[in-house]
Amino acid sequence: MALTGNSVLLKKDQIMVSDDSEMHPRTAVGIDRDTKEIIVLVVDGRQSFSRGNTMVELARKMKRLGAEDALNLDGGGSTTLAARRGGKLKVINSPSDGFLRSVPNGLVVTYNP
């Protein structure tokens, strides 16, 4: 699998970004090397109830969640998180455009206990 983003947020537990002015909806993925867990974070923005995050805020949140390495993925109006609820796939965040964008990429995580 290959995954790319536009900014490395954390590398070996160190914050790698300096942009602390632009707030946008964000999507990030990280790895907790101790627990071997993948951390996925979606932050809403551009709405009355959520202003979004700067890159530095996003990096700090990922660090607080336990990530040692983290990457900022496509964000803005494309920021969407869906999960199965009641057997149906549902959007569980609030996309900033008020509707889903037709974006041809995504990260799918499945779990079968």
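Ala, Val, Leu, Ile, Met, Phe, Trp, Tyr, Cys and Pro count here as nonpolar, Asp, Glu, Lys and Arg as charged, and the others, Gly among them, as polar.

The model is predicted, so local features need pLDDT of at least 70 and side-chain atom pairs count only at pLDDT 80 or more, while totals for chains, interfaces and linings use all residues. Residues are numbered from 1 along each chain as its sequence is written, and side-chain values use heavy atoms, with hydrogens and water left out.

I begin with the pockets. A pocket is an open set of points on a 1 Å grid over the protein atoms alone, where a 1.4 Å probe fits, with protein on both sides within 12 Å along at least five of seven lines; its lining residues have an atom within 4 Å of a point. Points are joined across faces, edges and corners, and a volume is the space filled by probe spheres set on them. Helices (H or I, at least four residues) and strands (E, at least two) are DSSP runs, numbered from the N terminus.

The largest pocket holds about 1,100 Å³ of space. Its lining has 28 residues, and Thr-80, Ala-82, Gly-106, Leu-107 and Val-108 are the closest to its centre. By class, the lining comprises 16 nonpolar, nine polar and three charged residues.

Gly-106 belongs to the segment after strand 7 (88-91). Is Gly-106 buried or exposed? Gly-106 counts as exposed because its relative accessibility is 70%, where exposed means over 50%, buried under 20% and partly exposed in between (1.4 Å probe, protein chains only).

The second largest pocket has a volume of about 240 Å³. Among its 15 lining residues, Leu-3, Val-29, Gly-30, Ile-31 and Leu-71 lie nearest its centre. Strand 1 (7-11), strand 3 (26-32) and strand 5 (69-72) each give two or more residues to this lining, which divides into 12 nonpolar, one polar and two charged. Leu-3 is 103 residues from Gly-106 in sequence, yet their C-alpha atoms are 9.6 Å apart.

Finally, the core. A nonpolar core is a set of buried Ala, Val, Leu, Ile, Met, Phe, Trp, Tyr and Cys residues joined through side-chain atoms within 4.5 Å. The largest has 14 residues, with Leu-9, Leu-10, Val-17, Leu-58, Met-62, Ala-67 and Ala-70 making the most contacts inside it. Helix 1 (55-64), strand 1 and strand 4 each supply at least two residues, and helix 1 gives the most, with five.
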